[in-house]
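Take a look at the model below.

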Amino acid sequence: MTKINISKRLLKIASMVDKKSRIIDVGCDHALLDIYLSLNGLEGKIIASDITIGAVNQAKKNVSLYKTSNVEVRKGDGLSTIKKSDNINTIIMSGLGNQKIISILKENKNILKNVNTIIIQSNTGYNMIRKELNDMGYYVDDECLVKDRGIIYVIIKFKKGKIIHSKKELYFGPVLLKNKNVLFKELIRNEINKNKEIINKLPNKRIIRKLKLTFKNMILKKEIHF
Ligand SMILES: C[S@@+](CC[C@H](N)C(=O)[O-])C[C@H]1O[C@@H](n2cnc3c(N)ncnc32)[C@H](O)[C@@H]1O
């Protein structure tokens, strides 16, 4: 079997991976992304890693079904499954929450010494991820948006380096800001609408919170000429 169908979201993540990377995919679940990468010309090695035994067993089944030679499945928490000899230079974390992503990275600063690329698709708070990674010595090299089954996902590729992003870049994304494509506008419009809902539900005594959100919406609207 040499072809594998993966979601639009995973395809977009795969498109951001350099062919020669040596990868750990933390929270690989079924390992479909890793199998896809292997079948589509990834030259390096991939460690498909997950904390859950069910996920690990499924990943192992999939890897043997697709007969990929450079995907190895391991069970463990975060980056604990890596050995020095793996020479990992790329971390992928997708479908995890931002707090978990950040704590996994912060708990393993020694591993990050050799990691020059981190690709993240967080389920929550991508602006906070940019700030935390920038503080850890990584900058946004590339980022993109993909709409999959009605949800807009933000995928960010960080590289190691001393580029300091502005507050505005950290919030909106330096690359997304430059492109300001249709999905970017939709993403910001969704945020504005969510804030409006919160403002409407808040009781009048929460006036400061209401004003803060109203002000935030003014800034967001200005960015997309809404
Ligand atoms: C929602 S799935 C995402 C799967 C896949 N990465 C994707 O994007 O489709 C999240 C996976 O992360 C795993 N996970 C959660 N916390 C983890 C941790 N601390 N270390 C490793 N894996 C973890 C879960 O077991 C689950 O399989």
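Aspartate 25 stands opposite alanine 48 in strand S2. This is a predicted model, in which local features need pLDDT of at least 70, side-chain atom pairs count only at pLDDT 80 or more, and totals for chains, interfaces and linings use all residues. Residues are numbered from 1 along each chain as its sequence is written. Strands are DSSP runs of E with at least two residues, helices are runs of H or I with at least four, and both are numbered from the N terminus.

Stay with that pair of strands. S1 and S2 pair in the parallel sense, over four bridges. Two strands pair if DSSP finds at least two bridges between them.

How are the two faces of S1 placed, buried or exposed? Ile23 and Asp25 on one side are buried, and so are Ile24 and Val26 on the other. A residue is buried if 20 or more other C-beta atoms lie within 10 Å of its own, exposed if 12 or fewer, and partly exposed in between, with C-beta atoms placed from the backbone. In a regular strand the side chains alternate between the two faces of the sheet.

S2 has both faces covered as well. Ile46, Ala48 and Asp50 are buried on one side, Ile47 and Ser49 on the other. Five of the five residues of S2 are buried, so the strand is largely enclosed by the rest of the structure.

Now widen the view. Seven strands form an open sheet, in the order S3-S2-S1-S4-S5-S7-S6, with mixed pairing. Its edge strands are S3 (71–75) and S6 (138–148), and each pairs on one side only. Neighbouring strands of this sheet are turned against each other by 15 degrees on average, direction ignored.

A helix lies across part of this sheet. Helix H6 (residues 126–135) lies across S5 (117–122), S6 and S7 (151–160). H6 runs at about 5 degrees to S7. Axes are lines fitted to C-alpha atoms, for helices over the stretch in contact, and angles run from 0 to 180 degrees between N-to-C directions. Contact requires the C-beta atoms of two residues, placed from the backbone, to lie within 7 Å.

Next, the ligand. 15 residues surround it, and the closest are Gly27, Asp29, Thr52, Ser94 and Gly95. A residue is near a molecule or strand if its C-beta atom, placed from the backbone, lies within 6 Å of it. S2 (46–50) and S4 (90–96) are the elements that give two or more residues to this shell. The largest share, three residues, comes from S4. By type, the shell divides into five nonpolar, six polar and four charged residues.

Two loop residues deserve a look. Asparagine 87 is in the loop between S3 and S4. Its phi is near 50 degrees, a positive value in a residue other than glycine. Asparagine 87 counts as exposed because it has 11 C-beta neighbours inside 10 Å. Arginine 149 lies in the loop between S6 and S7. This residue has a positive phi of about 45 degrees, although it is not a glycine. Arginine 149 is exposed, with 7 other C-beta atoms within 10 Å.

Notes. Ala, Val, Leu, Ile, Met, Phe, Trp, Tyr, Cys and Pro count as nonpolar, Asp, Glu, Lys and Arg as charged, and the others, Gly among them, as polar.
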